[in-house]
Amino acid sequence: MADTWGELSLNITAYKRPGAQNYLTEKELLAPYNARQAGKPNTVLMGTGRKRKIREVDGWASRADYAALLLDFLNATAKSASFEDGFNFVARLWKLEGKEELGNEKVWYSAVFIES
């Protein structure tokens, strides 16, 4: 399986993995009048729901392919994103940065895909 964005092949050189995050929050409750003496907690743990899937990558593209990525980014186009490690989802480009060098056909880029 190859790294793809729709029909466009992505030449990925590195995946960036986000750190583990805890999505629990502590919600305060109205304590009963004797909570302090009884040693009972007056809070409850609440889950905040599922966050969107994100994949951050570094790679390179030809100038034409980078222009296609940039157009998709500017239009907030949702496409299927597939990666070699089996991670697949429908996503939009959340961030896109590219570095073009004079006399070089390659554009080195960083992209962040977010679940649509």
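**Entry 1: K79 and its partner**

I looked up K79 and found it partly exposed at 26% relative accessibility. The scale I used calls a residue buried under 20% relative accessible area, exposed over 50%, and partly exposed in between (1.4 Å probe, protein chains only). K79 forms a salt bridge with D72, and the closest N and O atoms are 2.9 Å apart. A salt bridge here is a side-chain nitrogen of Lys or Arg within 4 Å of a carboxyl oxygen of Asp or Glu. I noted the general point too: side chains of opposite charge can pair when their charged atoms come close.

I kept two cautions about the model. It is predicted, so local features need pLDDT of at least 70 and side-chain atom pairs count only at pLDDT 80 or more, while totals for chains, interfaces and linings use all residues. Residues are numbered from 1 along each chain as its sequence is written, and side-chain values use heavy atoms, with hydrogens and water left out.

**Entry 2: D72**

Is D72 buried or exposed? It counts as buried, at 10% relative accessibility. I found D72 in helix α2. Helices (H or I, at least four residues) and strands (E, at least two) are DSSP runs, numbered from the N terminus. Leaving out residues up to four places away in sequence, D72 touches W5, T77, K79 and L93. Contact means heavy atoms within 4.5 Å.

**Entry 3: other salt bridges**

How many salt bridges does the structure hold? I read five. One of them joins the side chains of R55 and D85, at 3.1 Å from N to O. R55 lies in strand β6 and D85 in the loop between β7 and β8, so this pair ties together parts that are 30 residues apart in sequence. R55 is buried, with a relative accessible area of 3%. D85 is partly exposed at 38%.

Next I checked E100 and R63, whose closest N and O atoms are 2.5 Å apart in a salt bridge. E100 sits in strand β8 and R63 in helix α2, so the pair links parts 37 residues apart in sequence. E100 is partly exposed at 46%. R63 is partly exposed at 30%.

**Entry 4: the sheet**

I counted two helices and nine strands in the chain. From the N terminus, the elements run β-β-β-β-α-β-β-α-β-β-β. Seven strands form an open sheet in the order β2-β1-β7-β8-β9-β6-β3, with antiparallel pairing. Strands β2 (8–9) and β3 (11–16) are at the edges with a single partner each, so one side of each has no neighbour in the sheet. Two strands pair if DSSP finds at least two bridges between them.

I then followed some pairs. β1 (residues 4–5) and β2 are antiparallel over two bridges, and T4 stands opposite S9. Five bridges join β3 to β6, where I12 has G59 as its bridge partner. β6 and β9 pair over nine bridges, with V57 opposite A111.

Which strands does helix α2 (residues 63–75) lie across? I listed β1, β2, β6, β7, β8 and β9. The helix runs at about 120° to β8. Axes are lines fitted to C-alpha atoms, for helices over the stretch in contact, and angles run from 0 to 180 degrees between N-to-C directions.

**Entry 5: A76**

A76 is in the loop between α2 and β7. Its phi is positive, about 55°, although A76 is not a glycine. Most residues other than glycine have a negative phi. A76 is partly exposed at 39% relative accessibility.
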